[in-house]
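Hi,

Here is the structure I promised to pass on. Have a look at it first, and my notes follow below.

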Amino acid sequence: MTANGWREGSVPDTFDYFVSFTSNVSVTVYFFTMGQFVQYSVCNGDIRCVSGYYDSIPATTNAQQYTLFTLGEGCADYLAIYVASGNGVIHPNVGVSRPAAFPIGPTGYCGQAGSG
């Protein structure tokens, strides 16, 4: 990864998404809706351009099963964005699992009135 460069990937719907990685540079992980990612991308990675609520994992070099993202269980609108603080190497090890009980209705952004 390059300084302030990012990698993005979709968060699968109907699954819980586990973030795990090691790196030799600090990496921040953001969970954006597709609309928020467009804002972020158009502004060349400036987080101040992103409107609305989003989840994130603070900068770290070692996220061993650090977080479980569940808003995608009933919503296919999320992306995970990995942002490097400098030039370095990241070794991702993300995973997914089926939730014990599926949500009743849409989750996260998809559950908001007028989201689509």
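Let's start at Gly52, which is exposed, with a relative accessible area of 58%. You'll find Gly52 in the loop between helix H1 (34–42) and E3. I also checked Gly52 against Gly111: the two are 59 residues apart in sequence and 14 Å apart in space, C-alpha to C-alpha. Before you read on, please keep in mind that this is a predicted model.

Now the cysteines. There is 1 disulfide by the count, and it joins Cys43 to Cys49, with an S to S distance of 2.2 Å. The link of Cys43 and Cys49 is left-handed, at -90° about the S-S bond. How exposed are the two partners? Cys43 has a relative accessible area of 29%, so it counts as partly exposed. Cys49 also comes out as partly exposed, with a relative accessible area of 29%.

Next, the inside. The largest nonpolar core has 18 residues, and the ones that touch the most other members are Tyr17, Val19, Phe21, Val29, Phe31 and Tyr82. Two or more residues each come from strand E2 (16–33), strand E3 (55–69) and strand E4 (78–84). E2 gives the largest share of this core, 7 residues. There is also a second, separate core of 8 residues, with Phe32, Phe37, Tyr40 and Val50 among them.

Tyr40 turns up again with the aromatic rings. The count comes to 10 aromatic pairs. One of them is Tyr30 with Tyr40: the ring centres are 6.3 Å apart and the planes are at 45°, so this pair is tilted. Since Tyr30 lies in strand E2 and Tyr40 in helix H1, the pair ties together parts that are 10 residues apart in sequence. Both Tyr30 and Tyr40 are buried. They also belong to one aromatic cluster, which is formed by Trp6, Tyr30, Phe32, Tyr40 and Tyr54.

Which residues does Asn93 contact, leaving aside its neighbours within four places in sequence? Those contacts are Ser20 and Phe21. Asn93 and Ser20 are 73 residues apart in sequence, yet their C-alpha atoms are 5.1 Å apart in space. Phe21, the other contact of Asn93, is also one of the residues listed above for the largest nonpolar core.

Cheers

Terms used:
Residues numbered from 1 in each chain as written. Predicted model: local features only at pLDDT ≥ 70, side-chain atom pairs only at ≥ 80, totals over all residues. Heavy atoms only, no water. Disulfide = S-S within 2.5 Å. Buried < 20%, exposed > 50% of the residue type's maximum accessible area, 1.4 Å probe, protein only. Core = buried A, V, L, I, M, F, W, Y, C linked by side-chain atoms within 4.5 Å. Helix = DSSP H or I, 4+ residues; strand = E, 2+ residues; numbered from the N terminus. Contact = heavy atoms within 4.5 Å. Phe/Tyr/Trp six-rings, centres within 6.5 Å; stacked < 30°, edge-to-face > 60°.
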